[in-house]
Each structure stands twice: as structure tokens, then as C-alpha cells.
Amino acid sequence: MTFGATASHKLLHAQRLWAGIPTVRASLARAYSARPAALRDEARAKVTVRTIKKLYADGQPISMVTAYDYPTAVACDRAGVDMVLVGDSLAMVALGHEDTSQITMDEMIHHSKAVARGARSAFLVTDLPFGTYQSDELSAVNNAIRMVKEGRAEAVKLEAGRRARAKIDAIVNGAGVPVVGHIGLTPQTAVALGGFRVQGKSVSNAQALVDDALALQDAGCFAMVLEAMPSLVAETITRLVRVPTIGIGAGPMTSGQVLVLSDMLGMFDRFTPKFCRAFADLGPRMVSAVGEYKKAVRAAEFPAEGIHTYEMPMAAEERWRTYVQKQFGMELGPGGRTAQQAVPAPVSAATPEAN
């Protein structure tokens with residue numbers, strides 16, 4: 001780089017700093033997918049349990065969305081959502097299972113760790129999967145601790161009502177792990193509920209949900225998810241309890257909302273729940289984009305020389321061309337491909353002499 005170029009670069013850097021425009025070190029400009037530039041949004045404070053409680057106290061609706069890997073976590077975090085949920089719904093929308101009960105603890109930990117790397121500011125909640133907390137308090141506590149230690153979760157979510165009160169109490173007050181409850185439609189045990197059906201449509205069933213919510217609060221849950229229930233029932237629960245309620249298919253009167261990312265982005269191919277609003281339709285766009293890529297490859301239009309390629313230093317390139325012509329009898333094209341643009345047949349490699 002010449003002196004003039006260096007001076008211009010320093011001037012531009014100073015101008016950007018003066019204008020408040022964030023700058024990136026030159027070494028980070030070379031980042032790519034296998035070596036990403038992990039830049040944290042320092043302007044955003046880390047969301048904690050206290051943050052969630054303050055949002056609730058101030059009457060500010062709380063936003064939560066699911067994420068299942070590093071890219072989706074980064075997207076959710078940059079969008080500024082308050083809470084990211086590694087839901088066991090990933091069994092269906094990310095792993096292709098028929099229901100959520102098939103995912104294992106090891107798989108949930110694997111995905112939770114990936115999300116934790118991308119969600120630097122949002123508060124991270126991870127589901128305890130089916131079979132990891134139902135049997136006894138000890139297994140519930142041990143698996144909650146494991147999800148925090150290995151999965152890097154900041155809280156765990158349990159799909160349970162009043163019957164899990166003792167287990168939740170043991171996790172919260174015994175192990176010190178924050179818990180989010182989940183009542184209404186509980187997908188892990190949907191078979192026992194008669195399938196994926198709205199809960200609380202009768203007076204007796206609605207009262208049972210109220211009892212569950214109060215039990216979760218008494219057990220120590222700092223928040224609870226209300227899924228697939230009439231708006232009036234969700235409003236009743238929200239006004240009775242003293243912790244945030246996060247609705248999904250529970251109407252607008254809850255303390256916040258959560259959606260499955262694949263549903264809200266139009267990426268799940270089987271069905272879209274009635275309660276979900278599609279904020280994008282990325283599924284068809286992904287198919288179209290991959291199709292365009294396939295066409296570009298077939299037509300030899302990608303990669304484009306000089307745009308998507310790397311170059312050798314000029315002197316080294318000339319020495320390499322000379323070596324290849326002598327060693328293999330091959331005349332390389334302007335970008336390193338043969339004049340016929342054909343992929344050459346394999347030849348026996350020989351190490352060029354160092355120059």
C-alpha cells in the first residue's frame with residue numbers, strides 16, 4: 001500500500017469515528033462463513049431475569065422467538081428480541097420428526113450451545129425435553145443443571161402444571177436455575193390431550209388452567225408460556241398472576257408473545273398454525289435462490305473470475321504458468337482454467353521447485 005493510500009485510509013477511519021460510524025479492523029474484513037467476525041452489539045445491554053421483570057413491571061410487551069442454531073440466534077439477537085427460546089419444536093421444524101417427544105437431551109444441549117454462541121444479548125431459555133423431568137425431582141434438577149452447564153442456557157422451560165410443583169421448586173430454590181412454566185397446549189404430551197387442540201374451552205378446563213398457573217407461580221417460575229387457549233382465559237391468568245405470561249395462540253392480553261421462527265418466516269413445509277402471523281415467506285425464496293445457484297453452476301456463470309476468486313501475486317502467477325506448461329503441457333487460461341473451460345483430467349502431481 002502506498003503512502004497516499006495509507007493516509008487516505010487513516011483519514012477515512014478518523015472521519016467514520018467522528019461521525020459515529022462503527023469501524024471494523026482490516027483483519028476482520030476478511031471474515032467468511034468458516035471464519036466469521038464475531039462482533040457483539042455493545043450498544044445493547046444483556047437481558048437478564050431482572051430485565052424481564054422490569055419490562056413486566058413497566059407494562060412493556062415482552063418479545064420471544066425460537067432459534068435453533070448459530071445463524072438463527074444471531075438474526076434474533078440483532079433484531080433485538082428480549083428472549084430467545086431453544087424450543088423442542090426443533091424436533092419437528094429442524095430435525096424432521098413427527099412430534100416433539102422424540103428429541104433427546106443431548107440433541108437439545110447441542111442446539112442450545114449453538115444458539116448461546118449467537119444470542120449474546122437476548123435472554124436464553126431452553127426446553128427440557130420429554131422424559132428428562134417427569135420421573136422424579138432428582139432427575140429434573142440434574143437435567144436442569146446440565147442444560148445450564150453444558151447447553152449454556154440461562155433458564156429452562158418445563159411443560160407442566162401443578163403436578164410438577166415440587167420439581168420446579170427443587171430446580172428454582174434447590175439448584176438456583178430460573179424456570180419458565182408452560183401450560184395450555186403442551187406439545188410433549190399432546191397425545192394425552194387428544195392431539196394438538198385448544199385447551200380451556202369449557203369452564204372447568206379453564207379453571208384447571210388457572211389452577212396450574214397459580215401453582216407454577218407459587219413453585220417459583222419467573223414467567224410462563226400460555227399456549228393455544230381462548231383469549232379470555234389467557235387474560236384471566238395474566239391478571240391473576242404476578243409474573244409475565246408469554247402467549248402463543250393465547251390472544252393479545254398476555255405480557256408478551258412467542259412464535260416459532262420457522263412458522264413466522266414461512267419455512268416449515270407441513271402446516272402453519274392458525275395463531276401464527278407470517279412475517280415473511282422465505283421458504284419459496286430459499287428454493288428459488290438455490291435453483292438460481294444450480295442454474296448458474298450448470299451454465300458456468302458461477303463463480304465469476306475476478307469477483308468470486310482469489311489471485312496469486314503477479315510474479316508467482318507467471319512462474320506457476322511456466323511450471324505448469326513445462327511439467328504438464330497445459331496452457332492455463334486468463335483465470336487459471338483451460339481455454340476450453342473444461343475441467344482437466346487428474347494428472348500425477350509433482351512438487352514445483354521453490355523459487
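A crossover is right-handed if, with the strands pointing away from the viewer, the path from the first strand over the helix to the second runs clockwise. Keep that picture in mind. In this predicted model, strand β4, helix α7 (residues 165–174) and strand β5 make a right-handed β-α-β unit. A right-handed unit is also made by β3, helix α6 (residues 137–149) and β4. Strand β4 takes part in both units.

Now step back to the whole sheet. Eight strands form a closed barrel, in the order β1-β2-β3-β4-β5-β6-β7-β8, and the pairing is parallel. From one strand to the next, the twist averages 25°. Look for Ile62, which stands opposite Gly256 in β8.

Helix α9 touches β5 (179–184), β6 and β7 (245–248). The direction of α9 makes about 170° with that of β6. Helix α5 (residues 105–118) lies across β2 (83–86) and β3 (123–127). Here the angle between α5 and β3 is about 170°.

Return to β4 (residues 155–159) for a closer look. How many of its five residues are buried? Five of the five are, so the strand is largely enclosed by the rest of the structure. A residue counts as buried when its relative accessible area is under 20%. The side chains of β4 go two ways. Ala155, Lys157 and Glu159 point one way, while Val156 and Leu158 point the other way. Three bridges join it to β3, and the two run parallel. Lys157 is the bridge partner of Asp127. With β5, strand β4 pairs in the parallel sense over four bridges. There, Val156 stands opposite Val179.

Val156 leads on to the nonpolar core. The largest core has 59 residues. Which of its residues touch the most other members? They are Val84, Val156, Ile168, Ile171, Met229 and Ile237. Helix α8 (residues 203–219) gives the largest share of this core, six residues. A second, separate core holds 18 residues, among them Met64, Met83, Val125 and Ile248.

Leaving out residues up to four places away in sequence, Met229 touches Ile183, Gly184, Val198, Gln199, Leu209, Ala234, Ile237, Gly249 and Ala250. Phi of Ala228 is near 50°, a positive value in a residue other than glycine. Ala228 is buried, with a relative accessible area of 7%.

Compare Ala300. This residue also has a positive phi, about 55°, although it is not a glycine. Is Ala300 buried or exposed? It is exposed, with a relative accessible area of 62%. Ala300 lies in the loop between α11 and α12. Pro303 is in the loop between α11 (282–298) and α12 (314–328) too. The peptide bond from Phe302 to Pro303 is cis, with omega near 0°.

Next comes helix α2 (residues 49–57). Its buried residues are Val49, Ile52 and Leu55. Seen down the axis of α2, these buried residues fall within an arc of 125°, so they line one face of the helix. That buried set packs against β1, β2 and β3. The face turned away from the buried side carries the exposed residues Arg50, Lys54 and Ala57. Just after α2, Gly59 takes a positive phi of about 75°.

The last stop is Ser262, in helix α10 (residues 261–264). Ser262 is buried, with a relative accessible area of 10%. What does Ser262 contact, leaving aside its neighbours within four places in sequence? The contacts are Tyr68, Val93, Met267 and Phe268.

Key: Residues numbered from 1 in each chain as written. Predicted model: local features only at pLDDT ≥ 70, side-chain atom pairs only at ≥ 80, totals over all residues. Heavy atoms only, no water. Buried < 20%, exposed > 50% of the residue type's maximum accessible area, 1.4 Å probe, protein only. Pairing = 2+ DSSP bridges. Axes fitted to C-alpha atoms, helices over the stretch in contact; angles between N-to-C directions. Contact = heavy atoms within 4.5 Å. Core = buried A, V, L, I, M, F, W, Y, C linked by side-chain atoms within 4.5 Å. Arc of directions from axis to C-beta.
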